[in-house]
2 protein chains.
Amino acid sequence: MFSFEIKAQTGAARAGVFQTPHGNLETPIFAPVGTQATVKTLTPAQLDELGATLVLSNTYHLYLRPGDELVSEMGGLHKFMQWPGPILTDSGGYQVFSLAQTRKIDDDGVTFKSHIDGSSHRFTPEKSIQIQENLGADIIMAFDECSDPNDKAYSKTAMERTHRWAERCLTAKRRDDQALFGIIQGGIDPELRAASAQFIASLPFPGIAIGGLSVGETKEEMQNILKLLGGFLPDSKPRYLMGVGTPEDLINGIALGVDIFDCVLPTRLARHNAAFSSEGRLNLMNATFSKDQRPIDDTCSCYTCQTFTRAYLRHLVVAKELLAGTLLSIHNLHALIQLVKAMRVSILDGTFESKVPAWLQQWKGNAERDINNINNL
Amino acid sequence: MFSFEIKAQTGAARAGVFQTPHGNLETPIFAPVGTQATVKTLTPAQLDELGATLVLSNTYHLYLRPGDELVSEMGGLHKFMQWPGPILTDSGGYQVFSLAQTRKIDDDGVTFKSHIDGSSHRFTPEKSIQIQENLGADIIMAFDECSDPNDKAYSKTAMERTHRWAERCLTAKRRDDQALFGIIQGGIDPELRAASAQFIASLPFPGIAIGGLSVGETKEEMQNILKLLGGFLPDSKPRYLMGVGTPEDLINGIALGVDIFDCVLPTRLARHNAAFSSEGRLNLMNATFSKDQRPIDDTCSCYTCQTFTRAYLRHLVVAKELLAGTLLSIHNLHALIQLVKAMRVSILDGTFESKVPAWLQQWKGNAERDINNINNL
């Protein structure tokens, strides 16, 4: 179980297959985010139809509601949410730092207050693994601390704690049907990142996650880190760039050797009336679309583009109909998943490098990644 | 076009086929409501899968937003909302009286202010027909005035105006690919209802709608009116009971000769966490469902019941996930559509009358119809 086979490589970009108990992941792959055991506004049938294979869900949210023990009693997350394919859960670390109301970090763990009701809770590496074992995803994450990338001293402290916690997660893990990935931290400092990559790569993780990116650094800084990490990471393990990203980030990430991505961007944009397109990101609220008989993107084969006009989608948006969020989520997720699949095909047939400039050009208008803008949507 | 053939009759209950340009309607039939050119939270693909044939949309809402002329330019309502089957539009009358901010009625028409932006508008019988011809539904409605059923004097005035407006609608109508139904009014007064039925039945409408019910009268009053009307309406025309209703209303309505129903109840209840079931109406917010591994209704064949547990649905409801509204809408619409289909089958095979008591018993706990309660949900 959890074998990773590279089928083709061109430059740093790889096309592979990662085996999991709920099916093979053809990498590179983009995973929709189903924070609360549902990819917002979509049924599992719709997710399957738009081409999703791997779905991410959030440990922090599910621990608070409905509770990991309840999910376990109900037969685990696959059965609970009726997603038969592979699932990945994060460790809860990032959400504790970004969502919880107050938090106190010590070397043993983090005490925090729920963003839902203010109740007090404590996560440790052992607790995070226990929760993730209750949830039962195919891929689980070591508990980590994500720092401000521009604060070198804090990045060092957080990285060292992340390393100690990684070892504790490996020790705590009991289930052998889950692949535990270690997480590299170190902010945007090359020395810290190199040290973190070497340390995490030295531990017996079947996969390696890159944390602490897409959290405020520039695109150039992110790419420099990815280039650097490529020199330290073994080819034999899948690499997961957490929480990324835009079409441009996916193209650059794959070119630099990343295998797995996830991001809330496509579904969050959808619920705020925005759609990826080869003309750039469209805001469907815009009056210019009121009589536009074209689909969002006439090169797109998703249900939304095969069925509805921009004029109709704009009507739904203006009338605040919930169906708008569903139809735009279908399109945005399909767009990213198909883009990544097209890149995989081109790695396999040797045309990847020649196609990258055209892809970057095509998706340029969708490149905005500012996390604050995204979060404020 | 618009032929109505009765295939079987048992007591007053009839099973028929009504031909429309976008397909045959097998009556009795229940129509989901797509107020703003969308049945809330559902794609046309989901509507088709759950068994819907006829969809209702609202003239008042579409006139205000996105505008009937825009819908016409986009190829009409079928193409705009991508519903390939039959569509029915109401006349806008009921919404002008129930939703618009202020309204001034005279014999020629109604001047009202939009509930969206307070802008001033005027509907006349001719205008309602013009709007409905722009929208292009298969079945359209004469412009009517709905009175307070307990105010006899007003009911008489409104009925007489409705009659004059019915004649004007017939004169105004231009398209021959739309079936214009006349509407019976008269509140709960037997004499007024009898007079209205006789008058509307005397005009060359291919179908007859029963308006002004389910607006505050008792269930007994509604049934008495339906019994009375049966004596005045020709068998040869389909009968449409507007805005009704609960499972109990459908059973009693079909037994009294009604062929077509529509109601927002199943989708509105869904968005407020309630589901029809053979155990009575369930509120999925209820903590008793938190670990309930059963579907909403283990006799139901809808996608929701075939896929998800009450525990999962409760989690979605508690977590305020929009998917809850989608999944409960699928179930509630499927439940009413299949109930009506089962009644049709039993009319055809002669078992209808023997099955009515069991249906009434089975659906008793879902019978609540108080329109104020529904509207306040």
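Begin by selecting A:Asn273, which counts as buried because it has 20 C-beta neighbours inside 10 Å; a residue is called buried if 20 or more other C-beta atoms lie within 10 Å of its own, exposed if 12 or fewer, and partly exposed in between, with C-beta atoms placed from the backbone. This is a predicted model, in which local features need pLDDT of at least 70 and side-chain atom pairs count only at pLDDT 80 or more, while totals for chains, interfaces and linings use all residues. Residues are numbered from 1 along each chain as its sequence is written, and chains are lettered from A and ligands numbered from 1 in the order in which they are written.

A:Asn273 sits in the loop between helix H11 (265-271) and strand S15 (274-275) of chain A; helices (H or I, at least four residues) and strands (E, at least two) are DSSP runs, numbered from the N terminus. The phi of A:Asn273 is positive, near 75 degrees, although the residue is not a glycine. Most residues other than glycine have a negative phi, and most peptide bonds are trans.

Next, select B:Thr41, in the loop between strand S4 (29-31) and helix H1 (44-49) of chain B. B:Thr41, not a glycine, has a positive phi of about 75 degrees. Its 24 C-beta neighbours inside 10 Å are why B:Thr41 counts as buried.

Now display the backbone at A:Val244 and A:Gly245, where the peptide bond is cis, with omega near 0 degrees. A:Gly245 belongs to the loop between strand S13 (239-241) and helix H10 (247-255) of chain A. In chain B, select B:Val244 and B:Gly245, which are joined by a cis peptide bond with omega of about 10 degrees. B:Gly245 lies in the loop between strand S13 (239-241) and helix H10 (247-255) of chain B.

**A sheet and the helix across it**

Select strands S1, S2 and S3 of chain B, which form an open antiparallel sheet in the order S1-S2-S3. Its edge strands, each pairing on one side only, are S1 (4-10) and S3 (23-27) of chain B; strands pair if DSSP finds at least two bridges between them. From one strand to the next, the twist averages 10 degrees. S2 (residues 13-20) of chain B is joined to S3(B) by five bridges, and B:Gly16 has B:Thr27 as its bridge partner in S3(B).

Axes are lines fitted to C-alpha atoms, for helices over the stretch in contact, and angles run from 0 to 180 degrees between N-to-C directions.

**An enclosed helix**

Which residues of H13(B) are buried? Select helix H13 (residues 310-318) of chain B: eight of its nine residues are buried, so the helix is largely enclosed by the rest of the structure. The buried residues are B:Arg310, B:Ala311, B:Tyr312, B:Leu313, B:Arg314, B:His315, B:Leu316 and B:Val317. They pack against helix H4 (77-81) of chain A together with H14 of chain B; residues are in contact if their C-beta atoms, placed from the backbone, lie within 7 Å. Just after H13(B), B:Lys320 has a positive phi of about 55 degrees.

Methods: Contact = placed C-beta atoms within 7 Å.
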